[in-house]
Amino acid sequence: MRRSSAPAFLLTLLAICVALAAWSQRARGQGSVALPDSIALGVLRPAQTAFAKVGAWCSDVGRVMLRRGDISQENAALRAQIAALENRSERLLRYQRENQELRQMLKMPQPPNGRLLAAEVVSRDATEYARRVVINAGAPQGVRAKDVVFNAQGVIGQVIEVDRKYGTSTVLLLTDRMAGVGAMVRRTAARGLVQGNGQSVCQMTYLDLHADVREGDLVVTSGDSKIFPKGLVLGRVRKVIKDKTYSQTSAEIEPAARLDQLSAVWVRVQAGP
Amino acid sequence: MRLFFLLYLALVVQTTWLANGLAWLGGARLDLPLVVVISSALLGGWRLGAMLGLAAGWFCGVAADYNLGSFMVSRMVVGAVSGAFDRRLSPDNPLLTPFCMAGGTVLAHLMFGLMSPADFAQPWPRLLGAIGLNTLAGCALHPLIARFAFPSLQQDMGQFVQAPHVSRRI
């Protein structure tokens, strides 16, 4: 069989690239997934899920083997902690009920609650440029774009794409360059915007020049946007940078959640608009 | 078919077990699909390299849900260029594999940066770490990829050793 010439071969491949990219972009614009992309995801997802499970199992077994002695002590400490937290939880439930009653008395609107859905991370960044993970909860479980994702340590990010067919969702991590959350320093209520920059830490910008921000301060969501509710932990201030030229302060924020070691997360679904 | 299975396996391993960067190398991490593309291109020529590069870029872009076109073109170019090197340099040259792995990694990042400058954030320590990791992994995996995906090439190499007059160029 006669082989095509080099330029013709490369041009054909380039045309395939353009066609696939355009198809994908067009489908995304319509809020769906292009057929070739859907096929690729269908081929990838089952193996990713299996590999992630095997990896988690091996990691657990390795941890148990290495830390046999510590685990019993840690177990006892955790049991004590659970007992203390249960007491605290009871108290908080009492306060919540009281709060609801007071709101009803004042005829204030109820905050959007939603429900929590546990999910596992099935795949992480496929590239060095994006900071995203894929979780095994999607449209069938009621997950929608912009749902907030977090774990026990703090906010992880938000859902940006829901795959209707395979029951998975893509989560944009706090550290991704496209991520941004309205935030405030819990100690002083100084407000700013926490943005990702593709690194392991985030930047808190648009702080006032004279804002009282110190290293170690806890940063939480400000609740200014409709996506993230107020008071969720984002991280701690690692470094404060004063820029007198632009009369503003910025800070490096270390995310509270270990974004490079995610395995299980919570999704706050059906939390209203 | 074996090559595409290898690429598929590389991508699944990349997105699950090798997704975390090494903190002591500035967050650099191994790019296993790229290593497979370069290694296969060196063994199979530029046409195979370009096709495999396109497939790797497509899978990476779809899995990352991010800059599909830039990934496809950058990986395709790396595959084609790496494959073309087997005509310029002697395949017996021990420096060919590390040279192509390091060069291919730089070229992939360069192409991506040129096509998507707004999304390209790659500090020098991380870039250098990625080059080093890909080069080391490439050198280690190249013979295994040759054995697994190009068994006929291995046989031809064996015949060539016995009969030097037979061209080993396929």
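**Contacts, helices and a barrel in a predicted model**

In this predicted model, 33 residues of chain A are in contact with 34 residues of chain B.

Q: What makes a residue of chain A count as in contact with chain B?
A: The test is distance. Two residues are in contact if their C-beta atoms, placed from the backbone, lie within 7 Å. In chain A, 33 residues are in contact with chain B.

Q: Which helices of chain A each supply at least two residues of the side that touches chain B?
A: Helix 1 (6–29) and helix 2 (35–66) of chain A do. Helix 2 of chain A gives the most, with nine residues.

Q: Why are helix 1 and helix 2 of chain B called roughly antiparallel?
A: Helix 1 (residues 2–16) and helix 2 (residues 32–44) of chain B pack at an angle of about 155 degrees. Angles over 145 count as roughly antiparallel. Helix 1 and helix 2 of chain B are therefore roughly antiparallel to each other. Their axes are 8 Å apart.

Q: What makes the contact between helix 1 and helix 2 of chain B?
A: Helix 1 of chain B brings B:L3, B:L6, B:L7, B:A10, B:L11, B:V13 and B:Q14. Helix 2 of chain B brings B:L32, B:P33, B:V36 and B:S40. By class, this contact has nine nonpolar, two polar and no charged residues.

Q: How do you know that strand 6 and strand 7 of chain A pair?
A: Pairing needs at least two bridges. Strand 6 (residues 180–185) and strand 7 (residues 191–195) of chain A have five, in the antiparallel sense. A:G182 stands opposite A:L193 in strand 7 of chain A. The hairpin has five residues between these strands, and A:A189 there takes a positive phi near 65 degrees.

Q: How do you know that strand 9 of chain A pairs with strand 6 and with strand 10 of chain A?
A: The cut-off is again at least two bridges. Three bridges join strand 6 of chain A to strand 9 (residues 218–221), and these run antiparallel. A:A183 has A:T221 as its bridge partner. Strand 9 and strand 10 (residues 233–243) of chain A also pair over three bridges, in the antiparallel sense. There A:V220 has A:V233 as its bridge partner.

Q: What is the strand order of the closed barrel in chain A?
A: The six strands run 6-7-8-11-10-9, with antiparallel pairing. Neighbouring strands are turned by 40 degrees against each other on average, direction ignored.

Key: Residues numbered from 1 in each chain as written. Chains lettered and ligands numbered in written order. Predicted model: local features only at pLDDT ≥ 70, side-chain atom pairs only at ≥ 80, totals over all residues. Helix = DSSP H or I, 4+ residues; strand = E, 2+ residues; numbered from the N terminus. Axes fitted to C-alpha atoms, helices over the stretch in contact; angles between N-to-C directions. Parallel < 35°, antiparallel > 145°, perpendicular 65-115°, else oblique. Nonpolar A, V, L, I, M, F, W, Y, C, P; charged D, E, K, R; others polar.
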